[in-house]
Amino acid sequence: MPSHNEHAPLPRRDHRIQAVLWDMDGTVIDTEPYWMAAERRLVLAHGGTWSQAQSEALVGAALPTAARVLQQAGVQLGVRQIIDELSAEVISGLRRELIWRPGALELLQQFSAAGIPQALVTMSERSIVQDFLTQLPEAYFDVTVTGDEVEHGKPDPEPYLRGLQLLGEKFETSLDPAQCVGLEDSLPGITAASAAGLFAVLVPNATDPGQGPWRRSESLRQLSIEQLNTWLEQINA
């Protein structure tokens with residue numbers, strides 16, 4: 001699927017936002033119920049016990065990290081097997097119903113119409129991301145970074161730094177991370193976005209990381225290019 005912005009120039013310099021880098025799970029689409037159900041089913045199938053609090057503790061975590069936690073809870077499978085089982089169940093859920101986070105599709109369309117480059121930076125693996133991308137009404141994302149394509153997952157900044165690198169290469173420019181927005185819903189994710197130097201914006205979902213060195217919005221519906229530019233102007237004043 002060709003990118004919607006394949007031949008579009010980067011925004012003019014009077015745009016405060018140079019690019020937007022999105023988390024997927026829990027930010028663009030609400031896959032967290034699928035992940036939590038898959039974790040619980042797998043642990044119970046191996047005779048263990050699993051709580052809502054344990055699921056919430058894994059929100060936003062790299063999949064190998066989550067797999068090792070499930071092993072500690074009694075799942076007698078290798079890390080790769082656990083990731084494959086969880087991913088298969090999430091893909092099945094996405095095919096049954098793709099649940100958009102409120103305001104996500106509208107904001108994607110707004111950035112796209114303004115010619116602002118967008119990246120998808122997720123800890124889900126390529127198999128899940130490809131399934132999601134085929135369901136999009138348009139190709140909003142110019143580049144994608146998945147959990148199986150980086151050495152260090154969130155909360156390490158590597159995934160977002162990789163996203164910035166790919167956007168820079170695609171548009172043949174050097175992006176200022178501080179002028180690029182990172183949209184996240186989890187503590188590992190917002191920590192990674194902040195550590196990468198992005199203008200990080202938290203939109204909490206299944207868990208609430210609270211306050212930190214980031215902006216906060218209770219819903220994507222409250223965000224717009226104008227609002228984000230205003231925030232960027234305030235910190236650069």
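Student: Before we start, which ground rules apply to the numbers?

Tutor: In this predicted model, local features need pLDDT of at least 70 and side-chain atom pairs count only at pLDDT 80 or more, while totals for chains, interfaces and linings use all residues. Side-chain values use heavy atoms, with hydrogens and water left out, and residues are numbered from 1 along each chain as its sequence is written.

Student: Okay, how many cavities of 30 Å³ or more are there, and what volume does the largest have?

Tutor: A cavity here is a set of points, on a 1 Å grid over the protein atoms alone, where a 1.4 Å probe fits but cannot get out. Grid points are joined across faces, edges and corners, and the volume is the space filled by probe spheres set on the points. The structure holds one cavity of 30 Å³ or more, and the volume of the largest cavity is about 220 Å³.

Student: Which element gives the largest share of that cavity's lining?

Tutor: Lining residues have an atom within 4 Å of a point, and there are 22 of them, with Glu32, Trp35, Leu58, Gly60 and Ala61 nearest the centre. The elements giving two or more residues are α1 (32-45) and α3 (63-72); helices are DSSP runs of H or I with at least four residues, strands are runs of E with at least two, and numbering starts at the N terminus. The largest share, four residues, comes from α1.

Student: Is Gln118 buried or exposed, and which residue's backbone oxygen lies 3.2 Å from its side chain?

Tutor: Gln118 is in strand β2 (residues 118-121). Buried means under 20% relative accessible area, exposed over 50%, and partly exposed in between (1.4 Å probe, protein chains only), so Gln118 counts as buried because its relative accessibility is 0%. For polar contacts, N or O atoms pair within 3.5 Å; within protein, one must be able to donate a hydrogen and the other to accept it, and residues adjacent in sequence count only if both atoms are side-chain atoms. The backbone oxygen 3.2 Å from a polar atom of the Gln118 side chain belongs to Leu108.

Student: What about Ser186: which backbone nitrogen does its side chain reach?

Tutor: Ser186 sits in the loop between β4 (180-184) and α8 (187-195), and it is buried because its relative accessible area is 1%. Not counting residues up to four places away in sequence, Ser186 touches Val59, Gly60, Leu202 and Pro209, where contact means heavy atoms within 4.5 Å. At 3.1 Å, its side chain reaches the backbone nitrogen of Gly189.

Student: Where does a cis peptide bond turn up?

Tutor: Most peptide bonds are trans. Here, with omega of about 20°, the cis bond joins Lys154 and Pro155.

Student: What phi does Glu172 have?

Tutor: Glu172 lies in the loop between α7 and β4, and it counts as exposed because its relative accessibility is 74%. Although Glu172 is not a glycine, its phi is positive, about 50°.

Notes: 1 Å grid on protein atoms, 1.4 Å probe; cavity = no way out; pocket = protein on both sides within 12 Å on 5 of 7 lines; lining within 4 Å.
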